[in-house]
Amino acid sequence: MLRHFFQSLTVISVMFSILYMADNAYAVSQTVRVLATTYPVYLLTKAVAQSSPALKVELLIPSQTGCPHEYALTPKDMRKLAEADIVVINGLGMEAFMEKSLNKVSHATIIDSSANVAVLHMSGHYVDRIAGENPHNNPINPHAFSSPVQAAIMVRTIGDALVKAVPEFAVECSSRAEAWAGRLEKLGKRLEIVGNRASIKDVMLLHDGMAYLVRDAGLNLVGILQENEDVPPSPTRLMEVSQSLRKHGPLLLVGETQYSDKPLRVLAAETGANVVVLDSVASGLDEASMEYYEQVMENNCRILEDSLDR
Ligand SMILES: [Zn+2]
């Protein structure tokens, strides 16, 4: 009788421990798939989710793509979209290339990282601006990530939204976001100092990617050299710009690592203006972290300090 009792006790305890293990294993293996659409949003999201082991952050398009204005989703991308629990988007129209697929394929919670940024419109071509074009009629500029000040806002938005979406898995996200935002704001302060001390305040950009950084540094963007995203300026346009620039005071020509700086070099040779190349972090290293974003922005600061602070 007693033997029987102990036998059943063993059976019960074994059953109990199996149940317990199964329960535990479930908790450990539970993952929330967080998919960031573009590279800069991926860096910011990864930083926020860093100490939340259940959040698995992935990047949708390849890290070297740069601005996905002309990108076409592959079957692999579609699969990632279908499997994601949360999709963090850049917003401001950057996802035009995938809008239809997102609604069709994905059941994920969407986090718009741009929800609280201080929005800019596309700057417009320099020649058209001189001719009186009003940039406020232009579409929204989606490249807010190029300014650490706006990136800080994006980081906070992502942190708050993750906590709201999956509170049980994102406990640390708010404090993480706050810490990163503070570091990014420090970089923003440094840029502001560069702008304040600059002897030349006027800037012409090759592409609209750096417009947010230019504004947040307190510099004056006089216009863009490219006529369209991802298309180098035509020789005729280049000549027109070169002619109008001769009437303009001293200014700095700013290229972007993601684009060829040839047109700017041509312009510099004709007008005597200085050229620098900055990195918008629209693309970058595959296995990068938020420190990479910071390093790139620090380098941008240094380049501007060297060329403007004289
Ligand atoms: Zn772009």
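This is a predicted model: local features need pLDDT of at least 70, side-chain atom pairs count only at pLDDT 80 or more; totals for chains, interfaces and linings use all residues.
**Buried faces and a shared core**

Me: How do you know what span is expected for α7?
Reply: Take 1.5 Å times one less than the number of residues. Helix α7 (residues 173-197) has 25 residues, and 36 Å is expected. From first C-alpha to last, α7 reaches 36 Å, close to that expectation.

Me: What puts the buried residues of α10 on the same side?
Reply: Pro263, Leu264 and Leu267 are the buried residues of α10 (residues 262-271). They cover an arc of only 95 degrees around the axis, so they share one side of α10. On the other side, Lys262 and Ala269 are exposed. The cover over the buried residues includes α9 (235-245), β7 (252-256) and β8 (274-278).

Me: Which residues have the most contacts inside the largest nonpolar core?
Reply: Val48, Val155, Ile158, Val203 and Leu205, in a core of 86 residues. Helix α6 gives the largest share, nine residues. Domain 1 (30-183) and domain 2 (193-308) each supply at least three.

Me: What does Ile158 touch?
Reply: Leaving out residues up to four places away in sequence, Ile158 touches Leu44, Thr45, Val48, Val88, Ile111, Ser113 and Ala177.

Note on methods
Residues are numbered from 1 along each chain as its sequence is written. Helices (H or I, at least four residues) and strands (E, at least two) are DSSP runs, numbered from the N terminus. A residue is buried if 20 or more other C-beta atoms lie within 10 Å of its own, exposed if 12 or fewer, and partly exposed in between; C-beta atoms are placed from the backbone. The arc is that of the directions from the helix axis to the C-beta atoms. Two residues are in contact if their C-beta atoms, placed from the backbone, lie within 7 Å. A nonpolar core is a set of buried Ala, Val, Leu, Ile, Met, Phe, Trp, Tyr and Cys residues joined through C-beta atoms within 7 Å. Domain bounds come from an automatic or database domain assignment.
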